[in-house]
Structures are given as C-alpha cells and as structure tokens.
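Let's take a walk through this protein together, starting with its charged side chains and then moving on to its nonpolar cores. Have a look at the sequence and the fold before reading on.

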Amino acid sequence: MVVESYPIPARVSDQANGIGITAGLGKKGYQGRIIWDYVKQQLKIIGIKMTNSFKQIVDQAGREDRVYLMEHEVKAILEGQDISTTRSLVARSEDEAVNLFRSIRSPVALKILSPDVIHKSDTGGVKLNLRNEDQVREAYRQIINSFRDKTVTGISVQEMAKPGVEVIIGVTLDPTFGPVMMFGLGGVFVEILKDVSFRSIPLSEYDAEDMIEEIKGYALLKGYRGSAADVPALRDLLLKVSDLVMENPEIKEMDLNPVFIYPQGYKVVDARIILGEPRVKASRALPKQDLHDLFYPKSIAVIGASGTRGKLGWNVFTNLVCHNFEGKLYPINPKAEEIHGIKAYPRISDVPEPVDVAIILVSASVTPDVVKECCNCGIKYIVVESAGFAEMGEEGRRLEQEMKTIADSYGVRLLGPNCSGIINTHCSMVQSIGIVDALSKGSIGLVSQAGVCAAGMLWGLRQIMDFGIVATIGNKLDINETDMLSEVSQDKNINVICMYLESVKGGRRFVDVAKQVSMTKPVIVLKSGRTEAGKKAVTSHTASLAGNDQVFSGVFRQGGIIRASDYEHMFNLAKAVSKQPLPERDGVFIITYAGSLGVISADAVTDNEMRLSDLEPALKERLRGLLPEYVGGLNPVDYTFSMDGETVKKTIEIGVESADVGSFIVVLQAEILGSYVDSLKSIDYKGKPIMACVAGKEFAMEDVIKMEKAGIPVYSTPEQCADAISVMFRHAQRIRSSR
Ligand code: ADP
Ligand code: MG
C-alpha cells in the first residue's frame, strides 16, 4: 500500500487490494483540494493509515543537498499525520498564485518558499490578509523582488487562519536526553518571559497534559469569561508530534510556530524541520547483571589497603573493619603480612576464595592492569576509588576506556572511577575514602556523584536523618546514576532516595526508571551545573531556549522527581518525606504560640498554593471550648505564649478529626521545645503529616534532635514548613493522577 502525498495532493495505489486513487492538482487547484480531502476521508473509512510522505520529502531534500524542510513540505508531512494546518499550496507564477487564491476562501497569505530562507517574515517574505486578485499579484511581485538573490522554490498560498491563542511547539535534540519537546505560548511569552515547558520524547498522555498545565500562561488557555482553548486537541497534537519524531529519527529540530488554538480545534500556521543524522535508538537493553551483590557483598578485597595511617588505603580498610562489615575482608598489599590483624595477600589472584567486590585504590596508570587481574579472578564488581582519570584530561580518558573495554568483555560491572564507594548500613559496609563515624540503619538512600560531598554531609546530618545507603558514582564509566536509582529503589530497607547529580548519563532510561520508582518511593534530586548549553548558534527557537537547566527541570518533572534547589532544600524535603506521610488534602491547620509567626505561616501556605483548612462547625465549637477568651482566630490558632504540650495535643486531635485538614504546622518556642516532644509523639495523627517551625532552632539543637528523633521534622522558618508540605501534597497528587 503506498500513499503518496508529496507534492500535495495524492496518489494512492494498492493494486493487490484493488484500490487505486489518483488525485492531481492540475490546473484547477480547488478541484485538487476537494479530491485530496476526499482521498483522506476514504482512506480513513477503509481503515488505511497514511504511510507518511516523510521519506519522499527527506529523499527530495537529500537530492538537493539540504537539511532544512520548508513550510509546504512540513505541512504535507503533518497533514499526513492528521494534524490540521493552514496548508501550503505552491505557486510558481503570478497567475498560478491567483488561481490558487480563487480556490481558497479569501483572505489568503502568501509566503516565500526558499531553502535559503528560514525566518520568512524577518525579510518581508510573508504577506497576510490578501483579499482580492490585485493584492495577491502585488504581494507575489513584492516577495519575488525581495528575494531576487535567493533560490526561490515557489510562493506558498494558504488560507488565513482565524485568530486564536498562539502557541509554539518545538523539538530539539538534547545532548543528554535525545529528542525533547518544548511547549509555550507564542510571542513575548516565549521570547521575553521564556515561559515554556520541556519533556523528553516520547510523551505519555499525562506528560502532554502536564506540560501544558506547567506553563504560567496556562491560565490564558483555560480562558476567562467562557472563551477557552481546546486543551484536549492541543494535548493530542503534542502526542502526534511525539509519534512523528519517534517514527522519523532523521528529525533533529522542528518548530511549529505559531499554532493557533481555538475553542474547538487548532491550526498549524507555520512549520519547519531541520534534518540530521538519524538518531540511533538508545539501547534499552537490561544492565549486564543486577547490582544487588554490589550493595550486599559476602566478601570484599581492598587492593591498595594500607597499614599506614594517613593513606587512603588505610582509611578505606579501617572504615570496613571498624564498622564491622558483615562479610569477609581481604587486604591486598604486597608489602604487608596483615592489616588490622587480617591476613593480607600480595595480589588479588592469591586470595584462595571467591570475592564479590574488589575496591581498587592504586594509581590511575596501573589501574587497568589491576582491573584485568580482578576480571580474571572472577570478581563480580569492581569499585575504582582512585582518581586521575577523565576528570584530568586525555590520558585519563584513555585509561578509562581501556578499563571499560576490559570490564565489558568479562561482563563485570565497574563503579567509579574517582568515587568514594558505597556505604550500606544494612550490612555494615563503609567503603568511604574519608573516615566515617557511627551510622544508623536508616531508610534514606543517597546517590551522589561526588564522594566528598556525600561524606561531608553525613557527619552532621546523621543526628537528625537516618541514611541507610550512600552510594557515590564518580565518573560513571559503567554504573551510572540510573543504574543506582534502579537498584537502590528496589532495596526494601530504603524508602526515600536523594540524588546529587552533575550530569545524567542514563538519558531517556533515567526518565523511565524515575517514573516507575517515584510512584512508590519519593526521589529528590539536586542537580548542579545550571549553565546554559544552548549558547551556540542555532537555527531554531526551541534549540536556543533549551538551556540545559530547563530541559532538566521538565524531564525531572516528567519522571515524577522532586527537584531541590540546594543542599539544605534537598535535606529539608528528604527528612519530611522520610518521617511523615504525604498529605491527602491541601488544607493546612496552623497552631502557633505567637501571632506574627502565625500570620507568616498563613502567608507561606497561600504562597505555596495550599490553603488554610476550615473546621466543621462542631469541631469549631470544641476548639472554642479549649481556647482562652482572648484568642480570636481558629486557623491559625494563636495561643499567644500560653501554649504547652497538652494544649497543642488537644488542638491537633481536633484537627485530626476534620475532613478539611490535610496537614499541620505547629510553631513552637525554641526555649521550651523539649517540653513538647512527648505530647506530640503520643498523638494519633491518622496519616496526616505534621511539621514544626522553631525560630532560632540552631540554638536549641539538643531538643531539635529529640524532636527529629521522635519523627517530627523541625524547620527554622514557616516558609520551609509550607514548602515541604506543598511539595509533598503535589507529589501525592501526581501519584494519584498518573496511576
Ligand atoms: P516566519 O516564522 O518564518 O517568520 P510565519 O509563517 O510564522 O513566518 O509568519 C509570520 C507570522 O505571520 C505568524 O507568526 C503569524 O502571526 C502570521 N501568519 C503567517 N501565516 C498565517 C496564516 N496562514 N494565517 C494567519 N496568520 C499567519
Ligand atoms: Mg513562524
């Protein structure tokens, strides 16, 4: 079955099935158009999907040695996908333009079609609202005159689209995620306000809807006074573009700009595509072997273990010994008999038993040889903690490649290089380069690109947060952040995953894995390096707007990831989601000892698009009975310094019963913080989260630690409380709506 739609209109032929439709534009364009519509309708009725004309158009471009597909070509492709456009008939003479004008409902637009002209209106190549033949002739002549020095393919004659809400849909190739789609309202919204959203292609229905709702200009699409845009049609359009890009790997950039959206339907008014080398499909092959035993090994060899204090090999081995690693340890050092009383071996090949994990701490230049030796001995996982590789330049990169080739050929998984290994408190394993103090067996998993970062943070945080796993990934030569996310999320000891990333190597797989994980375990990501990558000269709008960071934000949202803005934010959120349940309603009940902090809390709640809950009348009555006479409002409830553990408890218990209360913020005095711990701990919250705000908490750390250990996260400002609550509420909403 072949359906040719280039040039418009069509020739359909399938002799085997006895179908043969030929439609020609001929002299009478009008007739051609009707036939074309008829052909499309017939094809739909007999259930034949148009094989799009993409290939023919690409071949044609190839013959002419160009990568830019002009408006009329792209619109032909789009129409082939059942995407509604203003179309683009091609006139090659003034008379032809007039003929086409007659076949189309007035008014019409004339536009230059030239392989040399990408931005048509900038140079006088677009003439709008032409209502009679004289105007068409005049416009034709003007365009031809303006582009004398250019190759002119023809002049496009097309219907004028009725005014609607203008949007732009773009596609560009992102260095990390491959094809990504951009969406925004046209004009100043895109150019000046940069109010756009990005998603990695392919899009799910949820993604398409969410990327429309994400932009600030969504309010304009929703409309006011009854005039709304057809958001479902827009969503379908995004999905069709996503399909088109998936089916045609030659598409490098694409701009539909503008598309007019109406209360019913839409029209693509202008379109272009830039072709590139066909994208190679990212391999979705499963990792060579799962990483379970890397996190729970039965034995570890430390190559470069040292008995000399101050050496990294001493630190790593000491960490393993002092934290009482549950499996067997083998120090490898040709100059030592034993280290910390454990028998040492000169080489890994001298170890008589099988070893699961080898940690390598020798200098970079000899590391590939050691990797090979490990592979030959049947080691399953290699952790290269040595530095001096790709981060140092060309020679380091070469050494890395050498290691990778060796490990791959043996099917051995390699972590690092330039990392600080893994801490897994659940098997008492600490592989860190820096000496690590006592740890508790917690439920938070931290995956960190940089080792130093991870260790530095742990020191203080372990007082108030329980990390179970800290995995550093370094240069991600083999095992990357996506592998780690996938593995750590499957660990039943881990309920929340934090990630510190400087880059993402997993590409699209990262989105897919995150999407799945975040449905059951919150994933909080801090991504650094927010510099713009898209500064190089680019031909399309989308590519120029696709600064790295906006793409990351969109893709993280697509993956259901909670994005943190800095370290403090990441840990503020992590402790909230690890200690408290997600709120099911947006109503927040605030209890405070001081009026001003109550007002600030109320503002913060509203600023975070949550609201103050409103108790049912009977509960209001009960609450009034509790309050001193001088207390006015019921939310925030302001006890004006007459608050203690018992009053807070009774107040919260009233809130627990209200159907309108989704969560609690309690504002407590730092100076008597400790006196609240037992009361707050003894409440049955019935699945509703609570956050404590304690101004000046830094000066009452002992009590803060008690409160945190009781499971109640403590923040210094109402804004931090409200932010955590709203992030949790939206996460819960997202989980519900994408189920
Ligand atoms: P370019 O982006 O190459 O400069 P466009 O085809 O987008 O050229 O035309 C510029 C502007 O003219 C569009 O943004 C739109 O506002 C208007 N325009 C172009 N074609 C039409 C049309 N067929 N109907 C209505 N408006 C149009
Ligand atoms: Mg345009």
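A salt bridge here is a side-chain nitrogen of Lys or Arg within 4 Å of a carboxyl oxygen of Asp or Glu. Keep in mind that this is a predicted model, where local features need pLDDT of at least 70 and side-chain atom pairs count only at pLDDT 80 or more, while totals for chains, interfaces and linings use all residues. Residues are numbered from 1 along each chain as its sequence is written, chains are lettered from A and ligands numbered from 1 in the order in which they are written, and side-chain values use heavy atoms, with hydrogens and water left out.

Some of them join up: E71, K75, K111, K120, D270 and R272 are tied together in a network of salt bridges.

Now for a few single pairs. K55 and D59 meet through their side chains, N to O, at 2.9 Å. Both sit in helix 2 (residues 54-63), four residues apart, which is about one turn of the helix; helices (H or I, at least four residues) and strands (E, at least two) are DSSP runs, numbered from the N terminus. Is K55 buried or exposed? K55 counts as exposed because its relative accessibility is 58%, while D59, at 33%, is partly exposed. The scale runs like this: buried is under 20% relative accessible area, exposed is over 50%, and partly exposed is in between (1.4 Å probe, protein chains only).

Another salt bridge pairs D149 with K150, their closest N and O atoms being 3.9 Å apart. D149 is exposed at 64%, and K150 is partly exposed at 32%.

R462 and D437 form a salt bridge too, at 3.1 Å from N to O. This pair links distant parts of the chain, 25 residues apart: R462 is in the loop between helix 14 (451-461) and strand 25 (467-472), and D437 is in the loop between strand 23 (429-430) and strand 24 (444-448). D437 is partly exposed, at 38%.

Let's turn to the nonpolar side. A nonpolar core is a set of buried Ala, Val, Leu, Ile, Met, Phe, Trp, Tyr and Cys residues joined through side-chain atoms within 4.5 Å. The largest one has 81 residues, and I524, I652, L668 and L680 have the most contacts inside it. Helix 25 (residues 718-737) supplies its largest share, seven residues.
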